[in-house]
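I set out to record what can be looked up in this structure, entry by entry.

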Amino acid sequence: MLNLEKSAAAFAEAKKLMPGGVNSPVRSYASVDCNPPFIARAEGDKIYDIDGNEYIDYVGSWGPMVVGHAHPQVVKALQEAATRGTSYGAPTCIESELAKLVMQVYPSIEVIRMVNSGTEATMSALRLARGYTGREKIVKFIGCYHGHSDSLLVNAGSGMATFGVPSSPGVTKGTAQDTISVPYNDAEAITKVMDEIGDEIAAVIVEPVAGNMGCVPPKQGYLRTLRSLTEKHGALLIFDEVMCGFRASLGGAQAAYGITPDITCLGKIIGGGLPVAAYGGRRDIMQKVSPAGPVYQAGTLSGNPLAMTAGLETLKIITAEPEEGKADYSRELTLKTKKLLLGWQEKAKEAGVTIQAHQAGSMFGIFFNDNDVFDYEDSCASDQEAFKVWFKAMLEQGIYLAPSQFETLFMSGAHSDEDIDRTIEASAAAFQAVADSRK
Ligand SMILES: *Cc1c(COP(=O)(O)O)cnc(C)c1O
């Protein structure tokens, strides 16, 4: 049995200090009825708790740790940067360096603004879309999460789905009214909305690969439909690639599916584990942002030198030319992910458990459904009890997964073949536990 004695004591203390003992809800493990391990350190693909347990980590801080934890190149650059001071609140060259590197990979971004969190990026992108179009309503998709700003905290998947909150108290009716929620992956539903009130819509915001209702890639042609509908009705198309950026492919979902959005939001990986996010897009739109234009947005710590350094080093690693005869970084991650999922599918089948395995580059996940999962409703129909049994059995065997069916898992460059094999082996017992629990 996994010994989590010290973690349990630390959690009891934390609960007196912070709401639910945590600074972000899903960390509390409330949905899987057990105490969360308290983390002492992490290195490569491993994470270690204060009881001395070691786990192979597929959470990767919920996405950012694409090169693994404490990568020597990132650590060294951060140590050097820290000796030069941790914040100036003034322009630096490293901001331009990171901006240029991002634009090389995301040609749809002609001008970029750095912020501190994905929440800020999407919130600012919406304000910009409203300011640019002079329209007030926005469309989002049910089960897509875009951070916790008021207008986006409507039908927002993941943490809220896990805790069964359809929309949060504190979000005013007025705010919620301007947000129209439509089922994801349903071309008919969005076409109907746009045909009815398209001329009132400032922007359609979407996770082009959904990652907050579990991992749910778009149906063939779906993103193209969004592109043509927004163009037809003069609304902006915002791709929230905070999670799928640098993961669905190096160039994100927009490169993987060949669709150019008007505005892109990035986060997670772009900060290499420090708080960075960004929004950017067409020059004529971005020039409306203050001080170039009238749409106000600011940040005391935006473009912070340590954060820019972590992001820049991380992006340097994943965009580097591959060695002779090797696939590039993101292709390697895709192949590793494929291998892991094939292994899981085989073990599930041997145990007689039906699963749906989904992958988009280095994002992945499984659902305990008999039929495939295309939207939030399907995702909610996944067998939550089976998920709980599976999650706990994996944790017991030293495999650290997200403690909710509505989250996505992540592969990193630090995951070795050996550890992936170990993860596949562990899944055999976990799927068997699911089968036994259903007897
Ligand atoms: C994580 C996430 C956000 C919010 O980012 P924070 O940094 O947590 O504020 C927004 N959109 C998507 C798609 C995300 O996955």
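**Entry 1: the sheet with β11**

I began with β11 and β12 (residues 363-367), which pair in the antiparallel sense over 5 bridges. The model is a predicted one, and I read every entry with that in mind. Within this pairing I looked up A357 and found its bridge partner in β12 to be I366. I then asked which strands make up the sheet and in what order. The sheet is open and has 3 strands, ordered β11-β12-β14, with antiparallel pairing. At its edges I noted β11 (356-360) and β14 (409-410), each of which pairs on one side only.

**Entry 2: the sheet with β1**

For β1 and β2 (residues 46-49) I recorded antiparallel pairing over 4 bridges. In that pair, A42 stands opposite I47 of β2.

**Entry 3: cavities**

How many cavities of 30 Å³ or more does the structure hold? I found 2 of them.

The largest cavity has a volume of about 90 Å³. I listed its lining as W344, G365, I366, F387, W390, L401, A402, S404, Q405, E407 and L409. By class, the lining divides into 7 nonpolar, 3 polar and 1 charged.

The second largest cavity holds about 50 Å³ of space. Around this cavity I found G44, D45, D57, Y58, V59, G60, M65, G68, H69, F410, S412 and H415. The classes here are 4 nonpolar, 6 polar and 2 charged residues.

**Entry 4: the second largest pocket**

I then looked up the second largest pocket, whose volume is about 590 Å³. Which of its 29 lining residues are the closest to the centre? They are E95, I112, R113, M114 and G303. Among the contributing elements, α3 (93-105) and β4 (111-115) each supply at least two residues of the lining. I recorded 15 nonpolar, 12 polar and 2 charged residues in the lining of this pocket.

**Entry 5: helix packing**

For α12 (residues 329-351) and α15 (residues 417-437) I noted a packing angle of about 25 degrees, with the axes 8 Å apart. The angle makes α12 roughly parallel to α15, since values under 35 degrees count as such. The crossing in which α12 passes α15 is right-handed.

I next considered α14, which also packs against α15: the two axes come within 8 Å and cross at roughly 140 degrees. That value makes α14 oblique to α15, because only angles over 145 count as roughly antiparallel. Here, too, I recorded that α14 passes α15 in a right-handed crossing.

Finally I looked up α2 (residues 72-83) and α11 (residues 305-319), which pack at an angle of about 155 degrees with their axes 9 Å apart. The pair is therefore roughly antiparallel. I recorded a right-handed crossing for α2 and α11.

**Entry 6: backbone geometry**

Most residues other than glycine have a negative phi, and most peptide bonds are trans.

Which residues does a cis peptide bond join? It joins S290 and P291, with omega at about 5 degrees. I located P291 in the loop between α10 (283-286) and α11.

The other entry concerns N185, which is not a glycine and yet has a positive phi of about 65 degrees. I placed N185 in the loop between β6 (179-182) and α7 (187-197).

Note on methods
Residues are numbered from 1 along each chain as its sequence is written. This is a predicted model: local features need pLDDT of at least 70, side-chain atom pairs count only at pLDDT 80 or more; totals for chains, interfaces and linings use all residues. Side-chain values use heavy atoms; hydrogens and water are left out. Two strands pair if DSSP finds at least two bridges between them. On a 1 Å grid over the protein atoms alone, a cavity is a set of points where a 1.4 Å probe fits but cannot get out, and a pocket is an open set with protein on both sides within 12 Å along at least five of seven lines; lining residues have an atom within 4 Å of a point. Grid points are joined across faces, edges and corners, and a volume is the space filled by probe spheres set on the points. Ala, Val, Leu, Ile, Met, Phe, Trp, Tyr, Cys and Pro count as nonpolar, Asp, Glu, Lys and Arg as charged, and the others, Gly among them, as polar. Axes are lines fitted to C-alpha atoms, for helices over the stretch in contact, and angles run from 0 to 180 degrees between N-to-C directions. Angles under 35 degrees count as roughly parallel, over 145 as roughly antiparallel, 65 to 115 as roughly perpendicular and the rest as oblique. A crossing is left-handed if the near helix is turned anticlockwise from the far one by less than a right angle, and right-handed if clockwise.
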